[in-house]
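Subject: Structure for your files, with notes

Hello,

Here is the structure you asked about. My notes follow below it.

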Amino acid sequence: MLTHFIGGLRVAAGPPFPVHDPVTGEVLRQVHEADPEVVDRAVRAAREAARDWAALPVAERAGWMRRLADGIEARFDDLVAAEIADTGKPLEQTRTLDIPRGAQNFRAFAEIAAQRPDDAFHLPGVLSYTVRRPLGVVAVIVPWNLPFLLMTWKLAPALVAGNTVVVKPSENTPGSAALFAEICAEVGLPDGVVNVVFGHGPSGRLLVEHPGVDGVTFTGSTATGRAIMKSVSDRVKPVSFELGGKNAGLVFADCDLDRAVDGTVKSVFTNGGQVCLCTERLYVERPIFEEFCARLAARAQEVTPQPMISAEHREKVLSYYDLARSEGAKVLTGGGVPSFGDSRDSGYFVEPTVVTGLSEWSRFNREEIFGPVCHVAPFDTEAEAVDLANGSDYGLAATLWTTNLDRAHRVAQRLEAGLVWVNTWYLRDLRTPFGGVKLSGIGREGGTQSLDFYSEPTTITIKLEQPDA
Ligand code: NAD
């Protein structure tokens, strides 16, 4: 049974709930659900630890971040196993991306924070400078698709900036967060600096509504982002939101077609399409449209299916496959459930799917599906391609494939998205701003932008009297 981690102690309180193995549908483990008392205890523990943690010099907190990275590396295999058990991810991806990025997040933000200068402004006889103070207690609410990577992406800058935290991972993926709590204890992190509570949406709501919480950082769906915004509005708490997407891929006829097909297969099907940055809307210049569709559909058939996270999410994705058909789509490949003839048949798999023929105003093309699926449509001009990409309520990421340098810059600068990739996808430098526009979020994290969110500047101005000459 997984227990909460509060003030350095394991806390077994609140009713149990089951977590299922997405590969077979079997119950994996039981977890305690945080009730009001548990959430209150966690926030109090974080508040008690806040003053001493904030008072440490940033170089010392950076040292703790490096120790946490070392602790993650020491428990690497356990973390890989926990992440795979909860999500059904491929071993290779978990070993090369999810868990190493967790350690890298702590190392990167240790460097960024330790090297960051404060601002100073001089006028004749006047000196103004800023100091940054942490927010206090930060609620960290994260989803199930990249559980460890996204949790540490928020934890590292929040902690190094001097905040204490209460984390609530997704109800579907508590395993790596529970191990991280053990790692905090193993490296000797002061009690109460990191607290972890488990549970569903209502536990998260109790946390963000707690009066002892000073800021909320959230990654998840736009619907939950809206709910959290309402929850914190009375107390006007700062929020950082990384929300949903309906990302466009633009494929120009002057692209390197092999590279564009390879890259598109990754951008549509990685992690079973369950990455906020995945492409769900593809626009292909007409002269290569037929060939691109044929090659993409053929490659989709070779993709090893990855399970959806839950039975509920699988039903959601399958309902969009049905919707595509009822809205008049032509299904180029997939559209159903794969059959394995073994225990995976009771898991949460769906077929990798490519469809075409729908209008831009179809629900299929407007709503985030979050599965291994995309719609492909032709375009004739660059201007039309930009309009199509921008014609979405979301604006997280876009990808374009072209060998024309002028076009690459021209189009990239016109796209309404927080992130644009040219001839690649998912490449990240952790110092760059990350986040989306429109329904895809509020604010940016990454590099110094994260430190800005997790702290508040105070401007101090001094009048310097000049002695009479
Ligand atoms: P979700 O919004 O259902 O849940 C996310 C987290 O919020 C979970 O921990 C959940 O328990 C909690 N929660 C639910 N209701 C809450 C409430 N009222 N108050 C506080 N917490 C609450 O999202 P999900 O299904 O876990 O994840 C998939 C979504 O996340 C997709 O929409 C995807 O695009 C998005 N996502 C975005 C990014 C990004 O960087 N923009 C990254 C990954 C995932």
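Does Lys-438 count as buried, partly exposed or exposed? Lys-438 counts as partly exposed, at 35% relative accessibility; buried means under 20% relative accessible area, exposed over 50%, and partly exposed in between, with a 1.4 Å probe and protein chains only.

Please keep in mind that this is a predicted model, in which local features need pLDDT of at least 70 and side-chain atom pairs count only at pLDDT 80 or more, while totals for chains, interfaces and linings use all residues. Residues are numbered from 1 along each chain as its sequence is written, and side-chain values use heavy atoms, with hydrogens and water left out.

Lys-438 lies in strand S20 (residues 437–438). Helices (H or I, at least four residues) and strands (E, at least two) are DSSP runs, numbered from the N terminus. The phi of Lys-438 is near 55 degrees, a positive value in a residue other than glycine. Asn-271 also has a phi near 55 degrees, again positive in a residue other than glycine. Asn-271 sits in the loop between helix H9 (257–269) and S13, and is buried at a relative accessible area of 4%.

Five of the five residues of strand S7 (residues 137–141) are buried, so S7 is largely enclosed by the rest of the structure. In a regular strand the side chains alternate between the two faces of the sheet. In S7, Val-137, Ala-139 and Ile-141 point one way, and Val-138 and Val-140 the other way.

S7 runs parallel to strand S8 (residues 164–168), joined by five bridges; two strands pair if DSSP finds at least two bridges between them. Ile-141 has Lys-168 of S8 as its bridge partner. With helix H5 (residues 147–160) between them in the listing, S7 and S8 make a right-handed β-α-β unit. Right-handed here means that, with the strands pointing away from the viewer, the path from the first strand over the helix to the second runs clockwise.

S7 is also joined to strand S10 (residues 215–219), by four bridges and in parallel, and Ala-139 has Val-216 of S10 as its bridge partner. S10, helix H8 (residues 222–233) and S11 make a right-handed β-α-β unit.

In strand S11 (residues 239–242), Val-239 and Phe-241 point one way and Ser-240 and Glu-242 the other, and all are buried. S11 pairs with strand S21 (residues 441–442) in the antiparallel sense over two bridges, where Phe-241 has Ile-442 as its partner.

An open sheet of seven strands has the order S14-S15-S16-S13-S12-S18-S19, with mixed pairing. Strand S14 (330–333) and strand S19 (419–422) stand at the edges with a single partner strand each, so one side of each is left without a neighbour in the sheet. S14 pairs with strand S15 (residues 353–356) in the antiparallel sense over three bridges, and Lys-330 stands opposite Thr-356 in S15.

Helix H13 packs on this sheet, touching strand S12 (247–251), strand S13 (279–285) and strand S16 (373–379), and its direction makes about 150 degrees with that of S16. Contact means heavy atoms within 4.5 Å. Axes are lines fitted to C-alpha atoms, for helices over the stretch in contact, and angles run from 0 to 180 degrees between N-to-C directions. Helix H14 lies across S12, S13, strand S18 (397–401) and S19, at about 160 degrees to S18.

H13 (residues 382–390) and H14 (residues 405–414) pack at an angle of about 35 degrees, with their axes 10 Å apart. Glu-382, Val-386 and Asn-390 of H13 meet Arg-407, Arg-410, Val-411 and Arg-414 of H14.

Phe-370

Phe-370 is in the loop between helix H12 (363–366) and S16 and counts as buried at 12% relative accessibility. Leaving out residues up to four places away in sequence, Phe-370 touches several residues, including Trp-144, Asn-145, Cys-276, Met-308 and His-313. The C-alpha atoms of Phe-370 and Asp-468, 98 residues apart along the chain, are separated by 70 Å.

Regards
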